[in-house]
Amino acid sequence: MDDERLSTDERLDQLAQVLRYHEETKHHFFRYARALGYLDWANQPDPFRRFEGAPLVPLPVLKPDEAPRSPLYEDLYRDGAVATQPVSLRTISRFMEYALALSAWKQVGTTRWALRSNPSSGNLHPTEGYLLLSRVPGFPTAAGLYHYASKEHGLELRAEYVAEIFSRLMNPFPRDAFLLGLTSICWREAWKYGERAFRYCQHDAGHAIGTARIAAATLGWQMLVLGDMADDTLDTLLGLNRLEDFKGAEREHPDCIAVVWPAGTRAEDTTGARVTLPLSLDPDVVQTLARAVWHGRANRLSHDTPVPWEIIDVVSHASRKTETDGRVMELRGRGPAAERSSATSPYPGQPLAGQVIRQRRSAVAFDGVTSISADSFFTMLSRVMPRVERRLAERPMPWDVIPWEPTIHLALFVHRVDGLANGLYMLVRDRSKVEPLREAMHGEFAWTAPPTCPAELPLFLLVEGDARRSAVQVSCHQEIAGDSAFSLGMIAEFEETLQAHGPWFYRRLFWETGLIGQVLYLEAEAAGVRATGIGCFFDDPMHQVLGLQGTTFQSLYHFTTGGHVDDPRLTTLPPYGER
Ligand SMILES: Cc1cc2nc3c(=O)[nH]c(=O)nc-3n(C[C@H](O)[C@H](O)[C@H](O)COP(=O)(O)O)c2cc1C
């Protein structure tokens, strides 16, 4: 049940389990985290979940230049620069396309696999998407829960809600708001990566929060993760606890529910009126809503039962949010284009947002030559700055989507940035954390501001030198970390944050890293280079590079950006060719 209060002992026990999971799933020079050690191809999970028997509402496959047309990529970062679109079948289609759709099929010989707008560790795609919509023209229900079928680019009707109850649920939110739900099927990652898979599911969820927030921005929509909800409420709302619908099929874990709404409706009133949004849905209304007409049974993804990884079950349970917090967030109308900047794009060619989103790919190799300009580098870094000095609602996109104080900083290995000395740098995303970081890291680090760095960017040179070998070494010997222009580790304020919030916050730390990664993926494309997320890294060797001891800070995700080399054996096919 919801609001199941945990005793202090239980909470400490669960925190200990989360910390143990983290420790045991570290990759070491001498031992990788436990996995099967081989790929059981016969039992490979299907990357596409379907609910058999659930009616499918096809979404129109829109051409890039069809309405709703894409804004300039740069305009996503200029407050008020993107025209607000109404919620319709077409705009929902665009939203899902940019958030979770297929972006291409790749083929080598007779082997074909799909890529998506959201990247995923090993391209295994544990993340499933749901929409909860009130009446939208073109949809068959007055209110319903839909599962997104990415291969078909369609929405499967899972539940027909009573419209009045759904309206009651949505009453605190702006007019025309709808909900996005994300869940994970951890087995998809565990099939390949074993025990470390739970981390990758959380990274991927963070990337999906990012693709969705940015998709919303292309339509002039706002989005906010309702981060205060108990996971039991998410289960009930998304039907994840309907055992009969998942009989013989792999279960889904709830990640998050986010509210999405067209800016300018009520909460974004340009008169500057203040409104408040709750960071949760009413659990009682959710219970009532779930007494709906349900459709469909989840398909089975693997032939055999999943290989059990007990520690994943333990951490999944220990990091569940058991209570609903009743916080609200105050929004203030931003006023017309209060933040609009007159600056032109720092990147060449003024690309459209849609183009950048559609062309995003992970580099499989970098050329070891291409450099980027210091201006591009600083722009990329400025895009991951959450501006913590502002209230949440006034933070820049996409940092307005996560209702918690950012806790991730970047340790950068700079290899090829014109006008910037090579070496190890630190971007402190919250300036008030400079001192604690400095104290925790090697005493001999310089902490000097690079001469050409904009004053508002808290970037510090720690030590000058060739960082390529260290970068490759700590990233599981992957050359992509050294052949790029720069690579990095995302350093979380770890143990104290978990103690302060609770063990459930573990997942949110990873979501934040995924969101940073998603911003950087698109920035790389816009700058004419390419990026790759790096989930495989040696945790403690990375901490040793920085001089970090204990678990006050932990590196949670690595990333690399530079001039890529394509694999000529691959053929690229359109995502929805037959339609
Ligand atoms: C969380 C995460 C971790 C990843 N780790 C690695 C990695 O360690 N090495 C690598 O070469 N690619 C890595 N990737 C890239 C994925 O393999 C890639 O996203 C996936 O194949 C899908 O391709 P796409 O990004 O071009 O859509 C990672 C991606 C994500 C999202």
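Guide: Let us start from the two domains, whose centres, taken over C-alpha atoms, are separated by 28 Å. Domain 1 covers 45-321 and domain 2 covers 365-562; such bounds come from an automatic or database domain assignment. What you see is a predicted model, in which local features need pLDDT of at least 70 and side-chain atom pairs count only at pLDDT 80 or more, while totals for chains, interfaces and linings use all residues. Residues are numbered from 1 along each chain as its sequence is written.

Now to the place where the domains touch. The contact takes 28 residues from domain 1 and 27 residues from domain 2; two residues are in contact if their C-beta atoms, placed from the backbone, lie within 7 Å. On the side of domain 1, α5 and β9 (221-225) each supply at least two residues, and α5 has the largest share, 14 residues. Helices (H or I, at least four residues) and strands (E, at least two) are DSSP runs, numbered from the N terminus. By class, this side of domain 1 holds 14 nonpolar, nine polar and five charged residues. Here Ala, Val, Leu, Ile, Met, Phe, Trp, Tyr, Cys and Pro count as nonpolar, Asp, Glu, Lys and Arg as charged, and the others, Gly among them, as polar.

The ligand comes next. Both domain 1 and domain 2 give residues to the shell around the ligand, so the ligand lies between them. That shell has 19 residues, and the closest are P119, H203, S362, G533 and G535; to be near, a residue needs its C-beta atom, placed from the backbone, within 6 Å. Helix α5 (197-218) and strand β21 each give two or more residues to the shell, with the largest share, four residues, coming from α5. Six of the shell residues are nonpolar, eleven are polar and two are charged.

Follow β21 and you reach a sheet. This open sheet has six strands in the order β19-β18-β16-β20-β22-β21, with antiparallel pairing; two strands pair if DSSP finds at least two bridges between them. β19 (459-464) and β21 (530-534) stand at the edges, each with a single partner strand, so one side of each has no neighbour in the sheet. From one strand to the next, the twist averages 25 degrees.

Further in, look at β20 (residues 486-493). It pairs with β22 (residues 553-562) over eight bridges, in the antiparallel sense, and with β16 over seven bridges, also antiparallel. A492 has Q554 of β22 as its bridge partner, L488 stands opposite F559 in β22, and L410 stands opposite M490. Eight of the eight residues of β20 are buried, so this strand is largely enclosed by the rest of the structure. Buried means that 20 or more other C-beta atoms lie within 10 Å of a residue's own, exposed means 12 or fewer, and partly exposed is in between, with C-beta atoms placed from the backbone. F486, L488, M490 and A492 point one way from β20, and S487, G489, I491 and E493 point the other way.

Finally, helix α15 (residues 539-546) lies across β16 (408-414), β20 and β22, at about 90 degrees to β22. For such angles, axes are lines fitted to C-alpha atoms, for helices over the stretch in contact, and values run from 0 to 180 degrees between N-to-C directions.
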